[in-house]
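Visitor: Walk me through this structure, please. Keep it brisk.

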Amino acid sequence: MRKNSIKNTRINGEVQRVLAETIRGEIKDPRISPWTSVVAVEVAPDLKSCKAWISVLGDDEAKENTLQGLRSAEGFIKRQLAKTINLRNTPEISFVMDQSIEYGVNMSRRIDEVIASDTENMNRGDQEE
């Protein structure tokens, strides 16, 4: 099975959907932030391992707590994955923190500040004339 085969892409999507549902609705660990999303999933072609990129909206402490909570719930998550998806092997899941959503929000805020600053400067220039 090639790395980017259609089958592997479908498996990645299905694993991502199940992980998101499990994290959102079935894990009762208070360390896991309610603002946790599964950004991407990459299952190895041999179905032995899986990397799940997660994003947490919040401060560094919330991110670290969420990562610890997910790592402690790996057994439960793997069991839910095995129940839901019929795969030859249920992959070992490793969680990786993804900063892309936070980076996008930060850049959007900075762009808005620059636009507001430019508008303010243009208004001052119009009033001086």
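Visitor: Which residue does R17 meet in a salt bridge?
Guide: A salt bridge here is a side-chain nitrogen of Lys or Arg within 4 Å of a carboxyl oxygen of Asp or Glu. For R17, the N to O distance is 2.4 Å. The partner is E14.

Visitor: What is the basis of these values?
Guide: This is a predicted model, where local features need pLDDT of at least 70, side-chain atom pairs count only at pLDDT 80 or more, and totals for chains, interfaces and linings use all residues. Residues are numbered from 1 along each chain as its sequence is written, and side-chain values use heavy atoms, leaving out hydrogens and water.

Visitor: Which helix holds R17 and E14, and how are they separated?
Guide: Helices (H or I, at least four residues) and strands (E, at least two) are DSSP runs, numbered from the N terminus. R17 and E14 are three residues apart in helix α1. So the separation is about one helical turn.

Visitor: Are R17 and E14 buried, partly exposed or exposed, and what are the relative accessible areas?
Guide: Buried means under 20% relative accessible area, exposed over 50%, partly exposed in between (1.4 Å probe, protein chains only). R17 is partly exposed because its value is 36%. E14 is partly exposed too, at 30%.

Visitor: Where in the chain do K78 and E92 lie?
Guide: The side chains of K78 and E92 meet in a salt bridge, 2.4 Å from N to O. This pair links distant parts of the chain, 14 residues apart. K78 is in helix α3 (residues 74-84), and E92 is in strand β3 (residues 92-97).

Visitor: What is the relative accessible area of E92?
Guide: K78 has 24% relative accessibility, so K78 counts as partly exposed. E92 is also partly exposed. Its relative accessible area is 46%.

Visitor: Which helix holds both R109 and E113?
Guide: R109 forms a salt bridge with E113, with the closest N and O atoms 3.4 Å apart. The two residues are four apart, about one turn of the helix. That helix is α4 (residues 100-128).

Visitor: Which elements give two or more residues to the lining of the largest pocket?
Guide: A pocket is an open set of points on a 1 Å grid over the protein atoms alone, where a 1.4 Å probe fits, with protein on both sides within 12 Å along at least five of seven lines; lining residues have an atom within 4 Å of a point. The lining includes A20, R24, T36 and V38. The elements are α1 (6-25) and β1.

Visitor: How many residues of that lining are charged?
Guide: Six residues of the lining are nonpolar and three are polar. Asp, Glu, Lys and Arg count as charged. The charged residues number two.

Visitor: How far apart in space are W53 and I115?
Guide: W53 is found in strand β2 (residues 49-56). W53 has 23% relative accessibility, so W53 counts as partly exposed. W53 and I115 are 62 residues apart in sequence. C-alpha to C-alpha, the distance in space is 32 Å.
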